[in-house]
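User: Got a model open here and want to talk through the side chains. Can you take a look with me?
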Amino acid sequence: MPPNPTTVVSPLAALAPDLRTALTRARYDADTLLEVLGDDAHTALGRSEPVPVRRAVRDAGELGTLVRLLLLGDPEPEREVAAALAPLDLDRAVAAGLLERDGDNVRAALDLRPLDLGGGTRWVLSDLDDSVRRRTLSADHVLGVGQASLSLLRATPTDPVDSVLDLGTGCGVQAVHAAGYARTVTGTDVSARALWLAQATAALDGLDIELLQGSWFEPVAGRRFDQVVANPPFVVGPARVEHTYRDSGLALDGASELVVSRAPELLAPGGTAAMLASWVHRSGADWRARVSSWLPDHGVDAWIVQRDVADPALYVGTWLRDAGLDPRDRDAQERAQAWLDAFEDADVEGIGFGFVYLRAIDGPTELLAEDLTHGFDDPLGPEASAYFERSAWLRAVAADPDLAWSARFGVDAATALERVYLAGPDGWEQQVARLHRGNGPRWQHEVDDSTAALLAGMRVDGLPLHELIDLLAVGHTGAEATAEFRATALTIVTGLVRHGLIFPA
(Lines give C-alpha, C1' and ligand atoms only; values in the text may rest on other atoms or scores of the structure.)
Protein backbone atom coordinates (compact mmCIF):
# COMPACT_ATOMS: atom_id res chain seq x y z
CA MET A 1 0.00 0.00 0.00
CA PRO A 2 1.51 3.37 -0.92
CA PRO A 3 2.36 5.50 2.14
CA ASN A 4 1.38 8.75 0.40
CA PRO A 5 -1.14 8.32 -2.41
CA THR A 6 -0.71 11.94 -3.50
CA THR A 7 2.89 11.49 -4.60
CA VAL A 8 3.46 7.74 -5.07
CA VAL A 9 2.01 6.05 -8.12
CA SER A 10 0.74 2.59 -7.15
CA PRO A 11 1.39 -0.40 -9.43
CA LEU A 12 -2.34 -0.53 -10.06
CA ALA A 13 -2.44 3.08 -11.25
CA ALA A 14 0.62 2.41 -13.41
CA LEU A 15 -1.44 -0.11 -15.38
CA ALA A 16 -3.87 2.63 -16.45
CA PRO A 17 -2.58 3.44 -19.98
CA ASP A 18 -2.50 -0.18 -21.17
CA LEU A 19 -5.72 -1.09 -19.35
CA ARG A 20 -7.54 1.92 -20.82
CA THR A 21 -6.40 0.90 -24.29
CA ALA A 22 -7.76 -2.62 -23.80
CA LEU A 23 -11.10 -1.53 -22.36
CA THR A 24 -11.59 1.00 -25.14
CA ARG A 25 -10.72 -1.49 -27.87
CA ALA A 26 -13.11 -4.12 -26.48
CA ARG A 27 -15.83 -1.44 -26.09
CA TYR A 28 -16.16 -2.18 -22.40
CA ASP A 29 -18.25 0.96 -21.89
CA ALA A 30 -21.66 1.78 -20.45
CA ASP A 31 -23.49 2.23 -23.75
CA THR A 32 -22.14 -0.92 -25.39
CA LEU A 33 -22.80 -2.95 -22.26
CA LEU A 34 -26.45 -1.94 -22.30
CA GLU A 35 -26.66 -2.60 -26.04
CA VAL A 36 -25.14 -6.08 -25.82
CA LEU A 37 -26.95 -7.20 -22.68
CA GLY A 38 -30.32 -5.76 -23.57
CA ASP A 39 -32.76 -4.40 -21.02
CA ASP A 40 -33.66 -7.75 -19.45
CA ALA A 41 -30.11 -9.03 -18.85
CA HIS A 42 -28.95 -5.57 -17.77
CA THR A 43 -31.73 -5.49 -15.20
CA ALA A 44 -30.79 -9.02 -14.11
CA LEU A 45 -27.23 -7.81 -13.52
CA GLY A 46 -28.62 -5.17 -11.20
CA ARG A 47 -30.47 -7.92 -9.32
CA SER A 48 -27.23 -9.93 -8.95
CA GLU A 49 -28.49 -12.71 -11.21
CA PRO A 50 -25.51 -13.85 -13.32
CA VAL A 51 -27.10 -16.51 -15.54
CA PRO A 52 -29.05 -14.15 -17.85
CA VAL A 53 -25.90 -12.04 -18.21
CA ARG A 54 -23.74 -15.03 -19.18
CA ARG A 55 -26.31 -16.07 -21.77
CA ALA A 56 -26.44 -12.57 -23.23
CA VAL A 57 -22.66 -12.37 -23.80
CA ARG A 58 -22.05 -15.92 -25.06
CA ASP A 59 -21.19 -14.63 -28.53
CA ALA A 60 -19.76 -11.24 -27.53
CA GLY A 61 -16.10 -12.17 -28.06
CA GLU A 62 -13.57 -10.20 -26.03
CA LEU A 63 -16.28 -8.03 -24.53
CA GLY A 64 -18.00 -11.18 -23.29
CA THR A 65 -14.76 -12.33 -21.70
CA LEU A 66 -14.42 -9.02 -19.85
CA VAL A 67 -18.05 -9.05 -18.70
CA ARG A 68 -17.70 -12.56 -17.25
CA LEU A 69 -14.29 -11.77 -15.75
CA LEU A 70 -14.90 -8.29 -14.31
CA LEU A 71 -18.64 -8.12 -13.66
CA LEU A 72 -19.55 -11.71 -12.82
CA GLY A 73 -16.29 -12.82 -11.19
CA ASP A 74 -16.07 -15.95 -13.36
CA PRO A 75 -12.73 -17.72 -13.87
CA GLU A 76 -11.72 -17.33 -17.52
CA PRO A 77 -8.98 -19.12 -19.53
CA GLU A 78 -5.70 -17.22 -19.26
CA ARG A 79 -5.22 -17.18 -23.02
CA GLU A 80 -8.62 -15.52 -23.60
CA VAL A 81 -8.06 -12.97 -20.82
CA ALA A 82 -4.65 -12.08 -22.25
CA ALA A 83 -6.22 -11.46 -25.66
CA ALA A 84 -9.07 -9.38 -24.22
CA LEU A 85 -6.73 -7.22 -22.09
CA ALA A 86 -3.90 -6.78 -24.61
CA PRO A 87 -1.61 -4.84 -24.51
CA LEU A 88 -1.83 -5.20 -20.70
CA ASP A 89 0.65 -7.78 -19.43
CA LEU A 90 -1.10 -10.32 -17.21
CA ASP A 91 1.89 -10.78 -14.91
CA ARG A 92 1.84 -7.05 -14.19
CA ALA A 93 -1.91 -7.14 -13.66
CA VAL A 94 -1.58 -10.00 -11.16
CA ALA A 95 1.32 -8.33 -9.35
CA ALA A 96 -0.62 -5.06 -9.11
CA GLY A 97 -3.66 -6.77 -7.59
CA LEU A 98 -6.09 -6.43 -10.49
CA LEU A 99 -6.18 -10.16 -11.32
CA GLU A 100 -5.36 -13.45 -9.64
CA ARG A 101 -4.50 -16.85 -11.10
CA ASP A 102 -6.69 -19.87 -10.50
CA GLY A 103 -4.90 -22.86 -12.07
CA ASP A 104 -5.04 -22.35 -15.84
CA ASN A 105 -7.67 -19.68 -15.39
CA VAL A 106 -7.62 -16.07 -14.30
CA ARG A 107 -10.04 -14.34 -11.94
CA ALA A 108 -10.66 -10.69 -11.22
CA ALA A 109 -9.28 -9.61 -7.86
CA LEU A 110 -11.12 -6.27 -8.10
CA ASP A 111 -14.42 -4.99 -9.43
CA LEU A 112 -13.97 -2.86 -12.55
CA ARG A 113 -17.13 -1.54 -14.14
CA PRO A 114 -18.08 1.14 -16.66
CA LEU A 115 -20.52 3.86 -15.65
CA ASP A 116 -21.97 6.84 -17.43
CA LEU A 117 -21.82 9.60 -14.83
CA GLY A 118 -23.27 12.19 -17.18
CA GLY A 119 -20.26 12.92 -19.37
CA GLY A 120 -19.64 9.58 -21.03
CA THR A 121 -18.14 6.37 -19.68
CA ARG A 122 -15.93 6.37 -16.62
CA TRP A 123 -14.37 3.21 -15.21
CA VAL A 124 -14.48 2.65 -11.45
CA LEU A 125 -12.32 0.20 -9.47
CA SER A 126 -13.38 -1.19 -6.11
CA ASP A 127 -13.22 -4.36 -4.05
CA LEU A 128 -15.33 -7.32 -5.07
CA ASP A 129 -18.60 -7.56 -3.16
CA ASP A 130 -20.87 -10.54 -2.61
CA SER A 131 -23.46 -9.57 -5.20
CA VAL A 132 -22.78 -12.50 -7.57
CA ARG A 133 -20.51 -14.70 -5.44
CA ARG A 134 -20.87 -15.18 -1.70
CA ARG A 135 -18.00 -13.71 0.27
CA THR A 136 -17.44 -12.09 3.65
CA LEU A 137 -16.27 -8.52 3.40
CA SER A 138 -13.01 -7.52 5.09
CA ALA A 139 -12.76 -4.64 7.55
CA ASP A 140 -11.03 -2.40 4.99
CA HIS A 141 -13.38 -3.37 2.15
CA VAL A 142 -13.74 -0.54 -0.38
CA LEU A 143 -17.31 -0.37 -1.54
CA GLY A 144 -18.11 0.02 -5.21
CA VAL A 145 -20.95 1.99 -6.72
CA GLY A 146 -23.90 0.93 -4.60
CA GLN A 147 -27.37 2.39 -4.30
CA ALA A 148 -26.25 5.04 -1.82
CA SER A 149 -23.50 6.22 -4.19
CA LEU A 150 -25.92 6.33 -7.11
CA SER A 151 -28.43 8.28 -5.03
CA LEU A 152 -25.81 10.88 -4.15
CA LEU A 153 -24.66 11.12 -7.77
CA ARG A 154 -28.21 11.96 -8.85
CA ALA A 155 -28.71 14.31 -5.93
CA THR A 156 -25.54 16.39 -6.38
CA PRO A 157 -25.75 19.80 -8.07
CA THR A 158 -23.46 19.98 -11.10
CA ASP A 159 -23.27 23.72 -11.69
CA PRO A 160 -19.71 24.61 -12.77
CA VAL A 161 -17.50 25.46 -9.78
CA ASP A 162 -13.83 26.02 -9.14
CA SER A 163 -13.21 23.48 -6.37
CA VAL A 164 -14.90 20.38 -4.96
CA LEU A 165 -14.08 18.29 -1.89
CA ASP A 166 -15.19 14.66 -1.80
CA LEU A 167 -15.08 13.91 1.91
CA GLY A 168 -14.57 10.17 2.42
CA THR A 169 -13.99 9.42 -1.23
CA GLY A 170 -13.91 5.60 -1.00
CA CYS A 171 -13.37 4.21 -4.51
CA GLY A 172 -13.49 7.76 -5.86
CA VAL A 173 -16.76 7.70 -7.77
CA GLN A 174 -18.05 11.03 -6.42
CA ALA A 175 -14.68 12.66 -7.13
CA VAL A 176 -14.70 11.30 -10.68
CA HIS A 177 -18.21 12.70 -11.11
CA ALA A 178 -17.09 16.06 -9.75
CA ALA A 179 -14.27 16.22 -12.29
CA GLY A 180 -16.97 16.76 -14.90
CA TYR A 181 -18.07 20.11 -13.45
CA ALA A 182 -15.19 21.37 -11.26
CA ARG A 183 -11.79 22.78 -12.14
CA THR A 184 -10.07 21.05 -9.21
CA VAL A 185 -11.17 18.05 -7.15
CA THR A 186 -9.83 16.86 -3.79
CA GLY A 187 -10.71 13.50 -2.23
CA THR A 188 -9.96 12.43 1.32
CA ASP A 189 -10.26 9.14 3.16
CA VAL A 190 -8.99 7.53 6.34
CA SER A 191 -8.44 4.26 4.45
CA ALA A 192 -5.16 3.85 2.58
CA ARG A 193 -6.73 1.07 0.52
CA ALA A 194 -9.56 3.34 -0.54
CA LEU A 195 -7.11 5.98 -1.73
CA TRP A 196 -5.08 3.29 -3.52
CA LEU A 197 -8.18 2.33 -5.51
CA ALA A 198 -9.33 5.92 -5.99
CA GLN A 199 -5.91 6.80 -7.39
CA ALA A 200 -6.14 3.90 -9.84
CA THR A 201 -9.68 4.94 -10.84
CA ALA A 202 -8.55 8.50 -11.50
CA ALA A 203 -5.56 7.32 -13.52
CA LEU A 204 -7.71 4.93 -15.56
CA ASP A 205 -10.06 7.80 -16.42
CA GLY A 206 -7.21 10.19 -17.17
CA LEU A 207 -8.14 12.57 -14.35
CA ASP A 208 -5.98 14.66 -12.04
CA ILE A 209 -7.56 14.34 -8.58
CA GLU A 210 -5.81 15.37 -5.37
CA LEU A 211 -6.04 12.52 -2.84
CA LEU A 212 -5.24 13.00 0.84
CA GLN A 213 -5.24 10.49 3.66
CA GLY A 214 -6.53 11.33 7.10
CA SER A 215 -9.47 11.24 9.48
CA TRP A 216 -12.55 13.33 8.79
CA PHE A 217 -11.54 16.99 8.25
CA GLU A 218 -7.86 16.81 9.20
CA PRO A 219 -6.43 16.52 5.65
CA VAL A 220 -8.09 19.79 4.55
CA ALA A 221 -7.92 21.81 7.77
CA GLY A 222 -8.08 25.54 7.03
CA ARG A 223 -9.15 25.09 3.39
CA ARG A 224 -12.42 26.15 1.77
CA PHE A 225 -14.25 24.69 -1.22
CA ASP A 226 -17.01 25.81 -3.54
CA GLN A 227 -18.73 22.46 -3.13
CA VAL A 228 -18.49 19.59 -0.68
CA VAL A 229 -19.93 16.16 -1.38
CA ALA A 230 -19.94 13.42 1.22
CA ASN A 231 -21.13 9.85 1.46
CA PRO A 232 -19.81 9.29 4.99
CA PRO A 233 -19.97 6.09 7.06
CA PHE A 234 -23.47 7.04 8.15
CA VAL A 235 -24.75 3.64 9.34
CA VAL A 236 -26.57 4.09 12.64
CA GLY A 237 -25.58 1.62 15.33
CA PRO A 238 -23.28 0.92 18.26
CA ALA A 239 -19.94 2.71 18.51
CA ARG A 240 -17.82 0.19 16.62
CA VAL A 241 -15.95 -0.21 13.34
CA GLU A 242 -16.48 -3.50 11.53
CA HIS A 243 -16.27 -2.05 8.02
CA THR A 244 -14.64 1.34 7.44
CA TYR A 245 -16.86 2.16 4.45
CA ARG A 246 -19.98 2.22 6.64
CA ASP A 247 -18.98 2.30 10.35
CA SER A 248 -17.62 5.47 11.93
CA GLY A 249 -16.91 4.31 15.48
CA LEU A 250 -19.40 6.93 16.70
CA ALA A 251 -22.60 5.85 18.42
CA LEU A 252 -25.97 6.04 16.66
CA ASP A 253 -26.08 8.96 14.20
CA GLY A 254 -22.86 10.54 15.49
CA ALA A 255 -21.14 10.37 12.10
CA SER A 256 -23.92 12.29 10.38
CA GLU A 257 -23.97 14.83 13.19
CA LEU A 258 -20.21 15.33 12.89
CA VAL A 259 -20.22 15.80 9.12
CA VAL A 260 -23.30 18.04 9.02
CA SER A 261 -22.11 20.23 11.88
CA ARG A 262 -18.56 20.66 10.54
CA ALA A 263 -19.24 20.90 6.81
CA PRO A 264 -20.08 24.64 6.94
CA GLU A 265 -16.47 25.33 8.01
CA LEU A 266 -15.31 23.90 4.67
CA LEU A 267 -17.52 26.06 2.45
CA ALA A 268 -16.32 29.15 0.62
CA PRO A 269 -18.79 32.08 0.54
CA GLY A 270 -21.79 30.93 -1.47
CA GLY A 271 -20.50 27.34 -1.42
CA THR A 272 -22.79 24.31 -1.37
CA ALA A 273 -22.66 20.95 0.37
CA ALA A 274 -24.55 17.85 -0.77
CA MET A 275 -24.37 14.94 1.67
CA LEU A 276 -26.02 11.68 2.58
CA ALA A 277 -26.97 11.34 6.23
CA SER A 278 -28.99 9.29 8.69
CA TRP A 279 -30.71 10.27 11.91
CA VAL A 280 -32.54 8.42 14.64
CA HIS A 281 -36.22 8.81 15.39
CA ARG A 282 -36.91 8.72 19.10
CA SER A 283 -40.28 8.24 20.68
CA GLY A 284 -42.02 11.58 21.21
CA ALA A 285 -39.26 13.60 19.52
CA ASP A 286 -39.28 15.38 16.15
CA TRP A 287 -36.47 14.26 13.85
CA ARG A 288 -36.40 17.77 12.36
CA ALA A 289 -35.43 19.26 15.70
CA ARG A 290 -32.66 16.68 16.08
CA VAL A 291 -31.08 17.43 12.71
CA SER A 292 -31.51 21.18 13.03
CA SER A 293 -29.60 21.08 16.34
CA TRP A 294 -26.52 19.97 14.39
CA LEU A 295 -26.31 23.25 12.48
CA PRO A 296 -24.64 26.50 13.57
CA ASP A 297 -26.84 29.49 14.40
CA HIS A 298 -25.34 31.62 11.66
CA GLY A 299 -24.12 31.29 8.10
CA VAL A 300 -26.12 28.40 6.61
CA ASP A 301 -29.17 27.93 4.44
CA ALA A 302 -30.12 24.28 4.95
CA TRP A 303 -32.50 22.05 3.03
CA ILE A 304 -32.87 18.61 4.63
CA VAL A 305 -34.78 15.94 2.75
CA GLN A 306 -35.91 12.72 4.42
CA ARG A 307 -36.34 10.03 1.75
CA ASP A 308 -37.01 6.97 3.91
CA VAL A 309 -37.62 5.78 7.46
CA ALA A 310 -36.79 2.19 8.43
CA ASP A 311 -37.85 0.29 11.51
CA PRO A 312 -34.90 -0.99 13.58
CA ALA A 313 -35.30 -4.68 12.71
CA LEU A 314 -35.44 -4.05 8.98
CA TYR A 315 -32.52 -1.65 9.23
CA VAL A 316 -30.27 -4.13 11.06
CA GLY A 317 -31.13 -7.00 8.73
CA THR A 318 -30.42 -4.88 5.67
CA TRP A 319 -26.95 -3.88 6.84
CA LEU A 320 -26.06 -7.41 7.96
CA ARG A 321 -26.78 -8.61 4.43
CA ASP A 322 -24.82 -5.67 3.05
CA ALA A 323 -21.75 -7.02 4.84
CA GLY A 324 -22.24 -10.45 3.30
CA LEU A 325 -23.73 -12.00 6.44
CA ASP A 326 -26.69 -14.36 6.52
CA PRO A 327 -29.11 -13.23 9.28
CA ARG A 328 -29.82 -16.91 9.96
CA ASP A 329 -26.24 -17.64 11.04
CA ARG A 330 -25.37 -17.62 14.74
CA ASP A 331 -22.74 -14.88 14.41
CA ALA A 332 -25.15 -12.65 12.51
CA GLN A 333 -27.87 -13.26 15.09
CA GLU A 334 -25.53 -12.25 17.92
CA ARG A 335 -24.63 -9.05 16.09
CA ALA A 336 -28.27 -8.32 15.40
CA GLN A 337 -29.12 -8.86 19.08
CA ALA A 338 -26.41 -6.41 20.22
CA TRP A 339 -27.44 -3.88 17.57
CA LEU A 340 -31.13 -3.98 18.48
CA ASP A 341 -30.27 -3.82 22.19
CA ALA A 342 -28.36 -0.59 21.51
CA PHE A 343 -31.38 0.84 19.70
CA GLU A 344 -33.70 -0.15 22.55
CA ASP A 345 -31.40 1.39 25.14
CA ALA A 346 -31.40 4.66 23.19
CA ASP A 347 -35.19 4.61 22.67
CA VAL A 348 -34.77 4.46 18.89
CA GLU A 349 -38.02 3.65 17.08
CA GLY A 350 -36.87 4.36 13.53
CA ILE A 351 -33.93 5.44 11.39
CA GLY A 352 -34.34 8.21 8.86
CA PHE A 353 -32.23 8.53 5.74
CA GLY A 354 -31.89 11.33 3.24
CA PHE A 355 -29.95 14.26 1.89
CA VAL A 356 -28.56 17.32 3.60
CA TYR A 357 -27.96 20.37 1.41
CA LEU A 358 -26.15 23.41 2.80
CA ARG A 359 -25.45 26.80 1.26
CA ALA A 360 -23.03 29.23 2.92
CA ILE A 361 -24.81 32.57 3.42
CA ASP A 362 -24.10 35.79 5.29
CA GLY A 363 -26.85 35.84 7.87
CA PRO A 364 -28.77 33.78 10.42
CA THR A 365 -29.14 30.09 9.64
CA GLU A 366 -32.31 29.11 7.82
CA LEU A 367 -33.66 25.57 7.77
CA LEU A 368 -36.30 23.64 5.89
CA ALA A 369 -36.51 19.95 6.85
CA GLU A 370 -39.20 17.97 5.10
CA ASP A 371 -40.32 14.51 4.11
CA LEU A 372 -40.04 13.44 0.49
CA THR A 373 -40.80 9.78 1.00
CA HIS A 374 -43.11 9.55 -2.02
CA GLY A 375 -41.75 8.23 -5.28
CA PHE A 376 -40.29 10.41 -8.00
CA ASP A 377 -37.75 9.83 -10.74
CA ASP A 378 -36.19 13.22 -11.44
CA PRO A 379 -32.75 13.80 -9.88
CA LEU A 380 -32.57 16.17 -6.91
CA GLY A 381 -29.29 17.84 -7.92
CA PRO A 382 -30.81 20.50 -10.21
CA GLU A 383 -33.66 20.96 -7.74
CA ALA A 384 -31.22 21.71 -4.90
CA SER A 385 -29.59 24.48 -6.95
CA ALA A 386 -33.01 25.91 -7.83
CA TYR A 387 -34.12 25.65 -4.21
CA PHE A 388 -31.24 27.80 -2.99
CA GLU A 389 -31.92 30.40 -5.69
CA ARG A 390 -35.57 30.59 -4.64
CA SER A 391 -34.52 30.71 -0.99
CA ALA A 392 -32.22 33.68 -1.68
CA TRP A 393 -35.12 35.54 -3.29
CA LEU A 394 -37.35 34.77 -0.31
CA ARG A 395 -34.71 36.15 2.07
CA ALA A 396 -34.71 39.36 0.08
CA VAL A 397 -38.52 39.46 0.33
CA ALA A 398 -38.35 38.94 4.10
CA ALA A 399 -36.13 42.04 4.31
CA ASP A 400 -38.26 44.06 1.86
CA PRO A 401 -41.81 42.73 1.24
CA ASP A 402 -42.33 45.32 -1.49
CA LEU A 403 -40.16 43.11 -3.72
CA ALA A 404 -42.95 40.54 -3.69
CA TRP A 405 -45.85 42.97 -3.86
CA SER A 406 -44.42 44.69 -6.92
CA ALA A 407 -43.37 41.46 -8.64
CA ARG A 408 -45.25 39.69 -11.40
CA PHE A 409 -45.53 35.93 -11.08
CA GLY A 410 -45.86 33.04 -13.46
CA VAL A 411 -47.19 29.55 -12.86
CA ASP A 412 -44.65 26.86 -13.65
CA ALA A 413 -45.60 24.89 -16.74
CA ALA A 414 -45.46 21.64 -14.71
CA THR A 415 -47.95 22.91 -12.11
CA ALA A 416 -51.45 21.43 -12.31
CA LEU A 417 -54.64 21.96 -10.32
CA GLU A 418 -56.50 18.88 -9.13
CA ARG A 419 -59.97 18.87 -7.60
CA VAL A 420 -61.36 15.82 -5.81
CA TYR A 421 -65.12 15.32 -5.60
CA LEU A 422 -67.14 12.69 -3.76
CA ALA A 423 -70.77 11.87 -4.28
CA GLY A 424 -73.04 13.41 -1.64
CA PRO A 425 -76.76 13.77 -0.98
CA ASP A 426 -76.96 16.75 -3.33
CA GLY A 427 -74.60 15.44 -6.01
CA TRP A 428 -70.85 15.81 -6.41
CA GLU A 429 -69.22 17.70 -3.55
CA GLN A 430 -65.65 19.01 -3.69
CA GLN A 431 -63.51 17.56 -0.93
CA VAL A 432 -60.12 19.05 -1.67
CA ALA A 433 -58.19 21.06 -4.24
CA ARG A 434 -54.47 20.52 -4.74
CA LEU A 435 -51.70 22.09 -6.71
CA HIS A 436 -49.26 19.49 -8.09
CA ARG A 437 -45.80 20.00 -9.46
CA GLY A 438 -45.40 17.48 -12.24
CA ASN A 439 -41.60 17.42 -12.21
CA GLY A 440 -38.73 17.40 -9.72
CA PRO A 441 -39.86 16.29 -6.26
CA ARG A 442 -43.54 16.52 -7.31
CA TRP A 443 -44.70 18.62 -4.40
CA GLN A 444 -48.38 19.02 -3.56
CA HIS A 445 -50.09 21.94 -1.82
CA GLU A 446 -53.71 21.89 -0.76
CA VAL A 447 -55.36 25.19 -1.71
CA ASP A 448 -58.71 26.90 -1.44
CA ASP A 449 -60.70 28.48 -4.25
CA SER A 450 -59.19 31.92 -3.56
CA THR A 451 -55.66 30.63 -4.08
CA ALA A 452 -56.71 28.78 -7.24
CA ALA A 453 -58.23 32.01 -8.55
CA LEU A 454 -55.07 33.94 -7.67
CA LEU A 455 -52.89 31.57 -9.71
CA ALA A 456 -55.34 31.70 -12.60
CA GLY A 457 -54.65 35.43 -12.80
CA MET A 458 -50.87 35.18 -12.65
CA ARG A 459 -49.09 36.16 -15.87
CA VAL A 460 -45.45 37.08 -16.33
CA ASP A 461 -46.63 40.04 -18.41
CA GLY A 462 -49.69 40.64 -16.24
CA LEU A 463 -50.51 42.50 -13.04
CA PRO A 464 -48.17 42.83 -10.06
CA LEU A 465 -49.08 40.86 -6.97
CA HIS A 466 -50.56 43.76 -5.01
CA GLU A 467 -53.09 44.46 -7.79
CA LEU A 468 -53.98 40.77 -8.10
CA ILE A 469 -54.62 40.58 -4.36
CA ASP A 470 -56.83 43.68 -4.45
CA LEU A 471 -58.89 42.21 -7.29
CA LEU A 472 -59.12 38.87 -5.50
CA ALA A 473 -60.33 40.51 -2.29
CA VAL A 474 -63.03 42.48 -4.10
CA GLY A 475 -64.16 39.39 -5.99
CA HIS A 476 -64.37 37.17 -2.91
CA THR A 477 -65.33 39.59 -0.13
CA GLY A 478 -66.69 42.59 -1.97
CA ALA A 479 -64.25 44.86 -0.16
CA GLU A 480 -60.61 45.93 -0.37
CA ALA A 481 -57.99 43.56 0.97
CA THR A 482 -57.43 43.80 4.70
CA ALA A 483 -53.99 43.59 6.27
CA GLU A 484 -54.81 40.06 7.42
CA PHE A 485 -55.94 39.05 3.92
CA ARG A 486 -52.71 40.41 2.46
CA ALA A 487 -50.52 38.69 5.04
CA THR A 488 -52.24 35.35 4.43
CA ALA A 489 -51.89 35.75 0.67
CA LEU A 490 -48.19 36.59 0.92
CA THR A 491 -47.56 33.53 3.10
CA ILE A 492 -49.27 31.31 0.52
CA VAL A 493 -47.36 32.88 -2.37
CA THR A 494 -43.97 32.52 -0.71
CA GLY A 495 -44.71 28.89 0.14
CA LEU A 496 -45.54 28.15 -3.49
CA VAL A 497 -42.39 29.95 -4.63
CA ARG A 498 -40.26 27.93 -2.22
CA HIS A 499 -41.42 24.70 -3.83
CA GLY A 500 -41.24 26.02 -7.37
CA LEU A 501 -44.94 25.87 -8.24
CA ILE A 502 -44.90 29.56 -9.14
CA PHE A 503 -42.01 31.90 -9.86
CA PRO A 504 -41.32 35.64 -9.72
CA ALA A 505 -40.71 37.16 -13.15
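User: What sits over the ring of Trp-405?
Analyst: The charged end of Arg-486 does, 5.4 Å from the ring centre. Keep in mind that this is a predicted model.

User: OK, charges in general. How many positive and negative side chains are there in the protein chain?
Analyst: There are 44 positive and 75 negative ones. The centres of the two sets lie 5 Å apart.

User: Back to rings. How many aromatic pairs does the structure hold?
Analyst: It holds 9. One of them is Phe-353 with Phe-355. Their ring centres are 6.5 Å apart and their planes meet at 55°, so this pair is tilted.

User: Are those two buried or exposed, or partly exposed?
Analyst: Phe-355 is buried, at 6% relative accessible area. Phe-353 is partly exposed, at 21%; the cut-off for buried is under 20%.

User: And how are the rings of Trp-393 and Phe-409 arranged?
Analyst: Edge-to-face, because their planes are at 85°. The centres are 5.9 Å apart.

User: Where in the chain are they?
Analyst: Trp-393 is in helix H15, residues 381–399. Phe-409 is in strand S14, residues 409–411. They are 16 residues apart, and the pair links distant parts of the chain. Phe-409 is buried at 1%, while Trp-393 is partly exposed at 22%.

User: Which residues do ring pairs link into a cluster?
Analyst: Trp-303, Phe-353, Phe-355, Tyr-357, Tyr-387, Phe-388 and Trp-443.

User: Last one, zooming out. How many helices and strands?
Analyst: The protein chain has 19 helices and 18 strands. Of its 505 residues, 50% count as buried.

Conventions. Residues numbered from 1 in each chain as written. Predicted model: local features only at pLDDT ≥ 70, side-chain atom pairs only at ≥ 80, totals over all residues. Heavy atoms only, no water. Helix = DSSP H or I, 4+ residues; strand = E, 2+ residues; numbered from the N terminus. Buried < 20%, exposed > 50% of the residue type's maximum accessible area, 1.4 Å probe, protein only. Lys, Arg positive; Asp, Glu negative; His and termini not counted. Charge placed at Lys NZ, Arg CZ, Asp CG, Glu CD. Phe/Tyr/Trp six-rings, centres within 6.5 Å; stacked < 30°, edge-to-face > 60°. Lys NZ or Arg CZ within 6 Å of the ring centre and 35° of its normal.
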